[in-house]
Amino acid sequence: MYFNCHSWFSFKYGTLSIENLFEEAKRCGVRKLILTDINNTSGYIELMRMIKERSAEYKLVVALGIEFRKDNKLLYVAIAKNNAGFEELNAFLSYHNNEDIPLSGRAPDFANAMVIYPWQYWRNRDPLELRPFEFLGVRHTELNFLKVLPTAGGMSKLVAWHPVTFKGKTGHNIHRLLRAVALNTLLSKLPPHEQADISEEMLPLAELKDKFKDFPELVAHAEQLVDECSIQFTLGTDKNRRTFTGSLGADLALLRTKAWEGFCRRYNPDDEVMLERFERELNIIFGRKFVSYYLIANEIIQYAKSKNYPYVGRGSGANSMIAYCLEITNVDPMELDLYFERFLNPDRTSPPDFDMDFSWKDRDDITRFIFERFGTRHTALLGTHTTYQNRSVIRELGKVFGLPKSEIDALVSYPQQLKNKDHITRLIFKYAEKIHSMPANLSIHAGGILITEEPIYAYSATDLPPKGYPVVHFEMHNAEDMGIYKFDVLSQRGLGHIQEAVQIVRRNRGVEEDSNRFRDFKKDPAIKELLMKGKTMGCFYVESPAMRSLLGKLECNDYITLVAASSIIRPGVARSGMMRTYIERHHRVKNQQSYEVIHPVMDELMKETYGVMVYQEDVIKVAHHFAGLTLSEADILRRGMSGKFRSRAEFQRVEERFFENCRKKGYPEEISARVWYEIESFSGYSFSKGHSASYAVESYQSLFLKAHYPLEFMVAVINNFGGFYHTEFYFHEARMAGATIQAPCVNVSENLTHIRGTDIYIGFIHIKSLPQKLANIIPSERENHGSFKSLDDFVRRIPVHLEPLRILIRMGAFRFTGKSKQQLMWEAMLYFGEKKSATYSHDLFNAEPSNIPLPVLLREQFEDAFDELELIGFPLCDPFDLLEGEDRGDAVASDLMNRLGKRVVIYGYLITIKYTSTKNRELMYFGTFYDRKGEVFDTVHFPQTSKKHPFRGRGFYQIKGKVVEDFGVPSVEVGYMEKMPMVRRDVRRDVL
């Protein structure tokens, strides 16, 4: 009877999680239901997995359909008779989504689906007009109307209809709140027709049938509809493109040929150890039917190489020798002793995936190639679901309850203090907790692309987001459960700045550099120096304050240590204390001292990392060799690092088996518990070793360019945006490396920042409020018709309005004229007069107007700096010139190691803040500043100090505290901090 069940994937409508829906079916004795989310197919895979996993507990059968709505008006519910019907419904919804065609009130001629319309919409029409697959759904609340209205012999078309949307009064309240959020209206103004009837909850079958006791034929019809529908999917079986060439044999031959060619380039073909690994990998790849997966990844990489696109193959795929031979990855798994079984093993039940990174400038073209090469009927982007989080749900509920913005802001900022303020706030926090983590809408996975053997509609409907490619409704765990594996095609800024830096070096220095000489980079003393001192700002993955500090603590000067650092910096390893253990043991080994381990087996398994679990494959090694789990069970643990997967019953079973095996092996309970704690601490945050190694290779490329071409490198970092720090600090790094930072100039600057010798000209793109079109026209006009001779020449040749012209003048973009900004402002005002814009042309004789006599115009010393602060966000002078007063403290960054344990007063210009919390969930900070000499230093702000002396935005701070060190890296433990004022705009004084 239940052919219209909603889950919370009926976004901003349904409130039942998939588990809640299963539990409701169990509570009510429902043995079969049809999941019909609103214009959505997100939830069915999770429901099928749960039904399979809990089959011993309760037998439930599911069929599938879609509830079609237009602007929240219910049109009809369509239910699939079989898999062909499900594909039909998915294709139909996808067509309307992708072509942006509104749904009509009448369903098309479905061949394998049945359609139920709301009876109330047909009350004045004859049911006999309905086609054989169409029916009318009657709710029990409508039965009284049915008794008095004629049915014209159409009773055979009527079915008992009872939608399921929520559970109980609380569920109905949540539903109403979600509807108000969806409509952006006050809860008190939510129209009745925009919300579900309060009766839309699951009832025991006997109770539901009793409501239709006067019309038993409607119940029979509904039961018949449900009985006629079924769906057949075997979860976990391969549903990907089976072959690359059309033949499994030809695929294997092609893979072997291409891989062997690469093997001969990369290795000694007579090395028996290498040959054994080569053959073993090929056999596993063939046995697990992943040959086409490798060939498709190779095809993508070959296309990128044909276009000279830089790329990085990473993830667990970097553990594969075959991937290395195909040049999908650039990490030698034999050199690093990478564990292939992390990527693929005979017992592995989950599919592998390659992460293929491309420059942010190239990724869209790679995506286009994949869709064109493999066809849109079989290719789609992987979906994900954005969920309601603490701050966002409080904000949304505050609006629907009618609170003013100021009160909502206060609730978001101080939830603990205000959650019991009054009845309304108590309601907000009560329901915020219930709505938290519910899916809010469909989104796109960061880079996942699916390529299936059957049309993608066999598994999902698709939406067409702004990216322009269809996206499936399910997410990565669902895809994995179904047996569809993804290709991760990702974009990053690091590759962009490496590629651009090489081009800038060529233009500025006339040097043709090769940024792929990784083997040479590993020996480069200049790179070792940067790593050991943590001078890595701007370098891919190693520039954050935490990473710079870690590199200094490790005195990192080699590739292997950098690979480990790239993984132990992740939150799971760091929080568990394993990062500190690793550093301590690293120094003990360096000093030829011994260290204690949890168990000798742990040290044996992870000798390179001193018995500390650092990489994802360490979990597999420990689970398999220490605890005696099978590789399949070990992989379940590895996947269990994802919080979502950890809740599954199979993970719980493996956890029990882990401890059971440890007891059988005679390990003390405290040893087993500690090892399990270390496994748990990974919590989805650790990297595979191959992934870390791939990142480290890219870090070395960045480090090489920074070490030898620091100015060109920083320009590339600035132009690719997206770095860890604000753009200002990359300009600062360039200045510290010897550059002169020049304000934009209409006769020199481009849209992006560029360099001439050691002069770096800020690009027009950084000027706030300057139209992008104007920023593009200026260099184009200059290239076509020569430099601008004056302001008058500029306004005659460039279609510019007065306000953008004033912005350019204030930025000093006409300083080549030798005139002051005040003079230029007068000229601009006189030229435009009362007009909003100038007429422009290329005068034949380009005559200059005669100079107009102007009074002497004074300009204060710091006005340029304040103009720069307003227009580009930072001054081009030394910021400390703008600090009021003469006091600059008694210490600078370079003094700190000489003043350990002593109290200092140091002035800092704020770079960045990291917010974190203690074990007691108290807020604390780590600050990064630079001092009056431009050198960086770090601060620690414990909870008590953080409360008394909080950060108050960007600018200068006087910091008083004790100098401490950790493994040779100093920082200031703050006891007092005060934000210091800048000079006033109209004040003149000598520059310090």
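## Asp 37 and its surroundings

Once neighbours within four places in sequence are set aside, Asp 37 touches Cys 5, His 6, Ser 7, Phe 9, Ser 10, Gly 65, Ile 66 and Glu 67. The model you are looking at is a predicted one. In it, Asp 37 sits in the loop that runs between β2 (32-35) and α2 (44-53).

Here is a detail to look at on screen: Asp 37 is buried, yet it has no salt bridge. The nearest side chain of opposite charge belongs to Arg 69, and that is 9.8 Å away. A salt bridge needs the nitrogen and the carboxyl oxygen within 4 Å. What the side chain of Asp 37 does have is a polar atom 2.7 Å from the backbone nitrogen of Ser 7. Ser 7 is also among the contacts of Asp 37 listed above.

## Pro 163, another buried loop residue

Let us move on to Pro 163, in the loop between β7 (158-160) and α5 (168-183). Its relative accessible area is 3%, so Pro 163 counts as buried. Beyond four places in sequence, Pro 163 is in contact with Asn 4, His 6, Arg 139, Glu 200 and Glu 201.

How far apart in space are Pro 163 and Tyr 2? Their C-alpha atoms are 7.1 Å apart, although 161 residues separate Pro 163 and Tyr 2 in sequence.

## Salt bridges, one by one

There are 63 salt bridges in the structure. As a reminder, side chains of opposite charge can pair when their charged atoms come close. A few of the pairs are worth a visit.

Start with Arg 368 and Asp 365, whose side chains meet at 2.8 Å, N to O. Both residues belong to helix α13 (residues 363-374), where they are three residues apart, or about one turn of the helix. The cut-off for buried is under 20%.

The salt bridge of Asp 409 and Arg 395 has its closest N and O atoms 2.8 Å apart. This pair links distant parts of the chain, with Asp 409 in helix α15 (residues 405-413) and Arg 395 in helix α14 (residues 390-400), 14 residues apart. Asp 409 is partly exposed at 25% relative accessibility, and Arg 395 is partly exposed with a relative accessible area of 32%.

Next come Lys 947 and Glu 922, which meet in a salt bridge of 3.7 Å, N to O. Here, too, distant parts of the chain are linked: Lys 947 is in helix α40 (residues 943-948) and Glu 922 is in the loop between β18 and β19, 25 residues apart. Lys 947 is exposed at 63% relative accessibility, whereas Glu 922 is partly exposed at 32%. Finally, salt bridges also link Glu 19, Glu 23, Lys 26, Arg 54 and Glu 57 into a network.

## A five-stranded barrel

In what order do the five strands of the barrel close? Trace them as β18-β19-β20-β22-β21, with mixed pairing. On average, neighbouring strands of this sheet are turned by 50° against each other, direction ignored.

Strands of a sheet pair through backbone hydrogen bonds, either parallel or antiparallel. β18 and β21 run antiparallel and are joined by seven bridges; one of the residue pairs there is Ile 906 with its bridge partner Ile 959 in β21.

Val 964 has Ser 971 of β22 as its bridge partner, and Phe 956 stands opposite Met 980 in β22.

What is found between the strands of this hairpin? Two residues lie there, and in this hairpin Phe 967 takes a positive phi near 55°.

Definitions and conventions. Residues numbered from 1 in each chain as written. Predicted model: local features only at pLDDT ≥ 70, side-chain atom pairs only at ≥ 80, totals over all residues. Heavy atoms only, no water. Helix = DSSP H or I, 4+ residues; strand = E, 2+ residues; numbered from the N terminus. Buried < 20%, exposed > 50% of the residue type's maximum accessible area, 1.4 Å probe, protein only. Lys, Arg positive; Asp, Glu negative; His and termini not counted. Polar contact = N/O pair within 3.5 Å; in protein donor to acceptor, adjacent residues only side chain to side chain. Contact = heavy atoms within 4.5 Å. Pairing = 2+ DSSP bridges. Axes fitted to C-alpha atoms, helices over the stretch in contact; angles between N-to-C directions.
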